[in-house]
Amino acid sequence: MRSLARLTLAAGIVLVVAGVLFIANAALGWFGFALDPDVGELLGQARWAQAPAGLALVLGGGLLIALSRAALGPEAAERAVRDFDVRVHQVHGGLSLLLGAAALLLGTGLAARTAHTGELAVALLLGALMLGGSLLALWPKGSPLPPWVAWPLVLGFAGVNASSAARAALGIARADTGWEPLGSGPTWDSPLVLLTSRGALFATTQGEEKSSHASRDGGRSWDSLHLPGHPGTSLVEDAAGGRIWMAPSDGDALTFFDEARRGWYQVALPKQGFLRGLAVDERQVLAAYPDGLYRSPRDSDGWTASPEIARCSTLAAFRDRRLVVGSRWLLSEDGGERWRELDRRGVPDFAARAALGPTRAYILVHGGPMSDAWFVTVDGEHTQVEAAPCTTGSAVNVNPEREEELVIGCSGEGVLHSTDGGRSWRSLGFFGAQVESLAVDYEQRWVYAGAHALLGANGLFRRRL
């Protein structure tokens with residue numbers, strides 16, 4: 001009977017700790033979205049259902065703890081809690097020791113396989129932190145912290161340790177050395193890249209070379225172009241007007257490069273802030289902000305708010321097709337004059353990246369630390385929802401001649417390629433890096449990626465598809 005009461009006490013503690021983690025994750029996401037939609041994307045994107053689920057776990061665990069304390073008595077219950085504290089930390093310490101060593105060895109192997117010295121430094125740092133944490137967890141008499149503080153940390157860091165080791169192992173399996181650097185290497189920090197309809201490459205860079213560059217030979221040589229202000233969040237081609245438009249990350253002006261006049265020009269934006277997307281044709285410009293969609297004639301700054309949508313996560317364009325993803329999912333076949341609402345099949349309103357083909361739309365909806373990520377295919381009236389191949393996507397690129405082929409860039413999972421409409425994927429490498437942008441030459445079979453990592457793997461790269 002007392003053994004059952006001890007087991008019930010341990011189960012109650014585990015439920016309470018798990019519930020606290022659920023509530024904390026939901027609160028983090030709520031706080032981020034309330035503070036700023038862009039900050040919310042980074043802070044968690046937790047599903048609101050996690051808050052009541054966490055509360056239910058806390059109440060259920062509290063009930064089990066109360067029942068076990070009544071059966072054991074106060075003193076025996078306190079001894080059982082202390083014993084459980086010691087055992088939890090010893091088990092966690094042993095696992096941390098093994099997982100820390102595994103992450104250290106696997107991360108070193110990944111760095112050696114990919115020849116990225118930055119990834120080696122990160123692997124050494126993470127491995128050392130995990131090994132140090134395991135020594136604290138193996139404290140002979142339990143943690144020096146109070147149990148109610150230590151146990152959530154124990155479970156949280158156990159998950160981090162396991163995830164890091166698994167990601168390093170998966171990185172070795174997916175590592176690919178086929179990428180070659182272009183431009184000026186690491187000084188091209190977080191570049192945006194665009195392949196124009198004429199087959200030319202266009203890139204804007206940050207870092208030491210805050211400039212713009214054009215190449216007509218696949219990236220082997222580049223012409224430097226003067227770029228006013230700071231680089232933005234995306235590049236869009238206006239083929240009819242011979243312009244390359246850049247969506248700013250902040251500021252109140254929209255910048256475009258006129259290929260005929262070989263110069264940069266600016267058009268006033270309706271407001272200052274982070275642009276989620278941009279679409280341009282011979283008639284008008286559509287600008288997506290977190291709080292809505294705005295439109296203006298192409299050669300003026302007469303902006304008006306579009307009443308169709310209250311919040312935008314992304315805007316995609318292909319010829320006359322437009323796709324807005326946000327509080328509503330809207331598709332237009334006439335440049336944004338008329339819209340029809342898509343069936344989102346219960347997918348939550350989180351941050352997303354999207355791309356359009358002649359008939360299909362692909363939407364990659366981000367996940368959070370404890371949230372699912374979704375890959376959505378819209379083909380006519382049919383919507384297909386599947387688990388996404390990565391948690392956070394940064395770019396989606398579709399083959400306009402064969403819509404079943406697409407390439408996506410991810411934060412952590414690198415570059416992924418599919419030839420069956422997203423039902424299966426193969427890795428093209430860059431595991432562990434943030435892929436900022438993608439351009440794909442499907443005819444010549446080249447993939448261009450602007451990538452950024454904590455250390456190493458910065459700049460513009462290309463490889464065969």
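## Aromatic pairs

Rings of Phe, Tyr and Trp (its six-membered ring) pair if their centres lie within 6.5 Å; planes under 30 degrees apart count as stacked, over 60 as edge-to-face and the rest as tilted. By this rule the structure, a predicted model, holds eight aromatic pairs. One of them joins Phe 375 and Trp 425 edge-to-face, with 5.4 Å centre to centre and 90° between the planes. Phe 375 belongs to strand 20, while Trp 425 is in the loop between strand 24 (415-418) and strand 25 (426-427), so this pair ties together parts that are 50 residues apart in sequence. Strands here are DSSP runs (E, at least two residues), numbered from the N terminus.

How exposed is each partner? Phe 375 counts as buried, at 0% relative accessibility, and Trp 425 is partly exposed, with a relative accessible area of 23%. Buried means under 20% relative accessible area, exposed over 50%, and partly exposed in between (1.4 Å probe, protein chains only). Elsewhere, ring pairs link Phe 202, Phe 257 and Trp 264 into a cluster.

## Charges over rings

A charge sits over a ring if NZ of Lys or CZ of Arg is within 6 Å of the ring centre and within 35 degrees of the ring normal. Arg 462 has its charged end over the ring of Trp 446, 3.8 Å from the centre. Lys 271 lies over the face of Tyr 289, 5.5 Å from the ring centre.

## The largest core

A nonpolar core is a set of buried Ala, Val, Leu, Ile, Met, Phe, Trp, Tyr and Cys residues joined through side-chain atoms within 4.5 Å. The largest one here has 17 residues, and Trp 329 and Val 365 are among those with the most contacts inside it. Elements giving two or more residues to this core include strand 15 (321-326), strand 16 (329-332) and strand 19 (360-365). Val 365 is in contact (heavy atoms within 4.5 Å) with Trp 329, Phe 350 and Trp 374, among others, leaving aside neighbours within four places in sequence.

## Around strand 16

Strands pair if DSSP finds at least two bridges between them. Strand 15 and strand 16 pair antiparallel over four bridges, forming a hairpin with two residues between them. Val 325 stands opposite Trp 329. Strand 16 is covered on both faces: Trp 329 and Leu 331 on one side, and Leu 330 and Ser 332 on the other, are all buried.

## About the numbers

Residues are numbered from 1 along each chain as its sequence is written, and side-chain values use heavy atoms, leaving out hydrogens and water. In this predicted model, local features need pLDDT of at least 70 and side-chain atom pairs count only at pLDDT 80 or more, whereas totals for chains, interfaces and linings use all residues.
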